[in-house]
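Visitor: I am new to reading protein structures, and I would like to learn how to read one feature at a time. Could we go through this one together?

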Amino acid sequence: MKCKKILLVLLAVFLLAGLFCMPVFAAGSVADAVEQTWGDASEQIRAVVDSVVFPALSMVLAIAFFVKLALTYFEYRKHGQFEWTGPAILFVCLIFVLLAPNYIWGIIGG
């Protein structure tokens with residue numbers, strides 16, 4: 001009896017799922033749709049990335065660089081040893097982010 005109820009519930013669920021499902025067929029290739037979407041949106045994406053993302057990253061890295069440089073200087077005053085690794089890594093990252101917009105769009109193709 002219990003097995004019949006479970007079977008009827010499963011049958012009802014599958015029938016409802018089949019009734020409410022609608023087949024989806026891609027009109028053409030998916031790669032074409034992705035390329036067309038990228039072509040339509042690439043200028044907007046480029047404008048947002050160039051005017052928002054890279055300046056925000058540059059600002060965060062610049063603040064982190066100067067804070068780390070100050071902390072390194074205070075550590076030097078306290079212990080007499082200047083550690084260049086942290087500020088050097090942040091400086092290289094800052095230079096990379098500042099120069100990235102010049103070549104990133106050539107790689108992506110925007």
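Visitor: Which residues form the largest nonpolar core?

Guide: Before we look, please note that this is a predicted model, in which local features need pLDDT of at least 70 and side-chain atom pairs count only at pLDDT 80 or more, while totals for chains, interfaces and linings use all residues. Residues are numbered from 1 along each chain as its sequence is written, and side-chain values use heavy atoms, with hydrogens and water left out. As a general idea, in soluble globular proteins nonpolar side chains tend to be buried together. A nonpolar core is a set of buried Ala, Val, Leu, Ile, Met, Phe, Trp, Tyr and Cys residues joined through side-chain atoms within 4.5 Å, where buried means under 20% relative accessible area, exposed means over 50%, and partly exposed lies in between (1.4 Å probe, protein chains only). Here the largest such core has nine residues, namely Val49, Phe54, Leu61, Phe65, Leu90, Leu94, Val97, Ala100 and Trp105. The elements that give two or more residues to this core are helix 2 and helix 3, and helix 3 gives the most, with five residues. Helices are DSSP runs (H or I, at least four residues), numbered from the N terminus.

Visitor: What does Val97 touch, leaving out residues up to four places away in sequence?

Guide: A contact means heavy atoms within 4.5 Å, and by that rule Val97 touches Phe54, Leu57, Ser58 and Leu61.

Visitor: Which residues form a nonpolar patch on the surface?

Guide: Patches are made of residues with over 30% relative accessible area and no salt bridge, like charges being joined within 9 Å and nonpolar side chains (Val, Leu, Ile, Met, Phe, Trp, Tyr) within 5 Å. Accessible areas come from the Shrake-Rupley method with a 1.4 Å probe, and for residues only the protein chains shown count as cover. In this model the patch is formed by Trp38, Ile45, Phe91, Val92, Ile95, Phe96, Leu98, Leu99, Tyr103, Ile107 and Ile108, with about 1000 Å² of accessible area together. Helix 2 (30-79) and helix 3 (85-108) are the elements that give two or more residues to the patch, and the largest share, nine residues, comes from helix 3. Two members show how to read the percentages: Ile108, in helix 3, is partly exposed with a relative accessible area of 46%, and Ile95, also placed in helix 3, counts as partly exposed at 35%.

Visitor: How many salt bridges does a search of the whole structure find?

Guide: A salt bridge is a side-chain nitrogen of Lys or Arg within 4 Å of a carboxyl oxygen of Asp or Glu, and the search finds one. Asp50 pairs with Arg46, their closest N and O atoms being 3.6 Å apart. Because these residues are four apart in helix 2, Asp50 and Arg46 are separated by about one helical turn. Asp50 is partly exposed at 31% relative accessible area, and Arg46 is partly exposed at 30%.

Visitor: How many disulfides are there?

Guide: A disulfide is a pair of cysteine sulfur atoms within 2.5 Å, and by this rule the count is zero. As for individual cysteines, Cys3 is exposed, with a relative accessible area of 62%, whereas Cys93 is partly exposed at 33%.

Visitor: Where is Tyr76 found?

Guide: Tyr76 is in helix 2 and is partly exposed, with a relative accessible area of 39%. Leaving aside its neighbours within four places in sequence, Tyr76 is in contact with Gln81 and Phe82.
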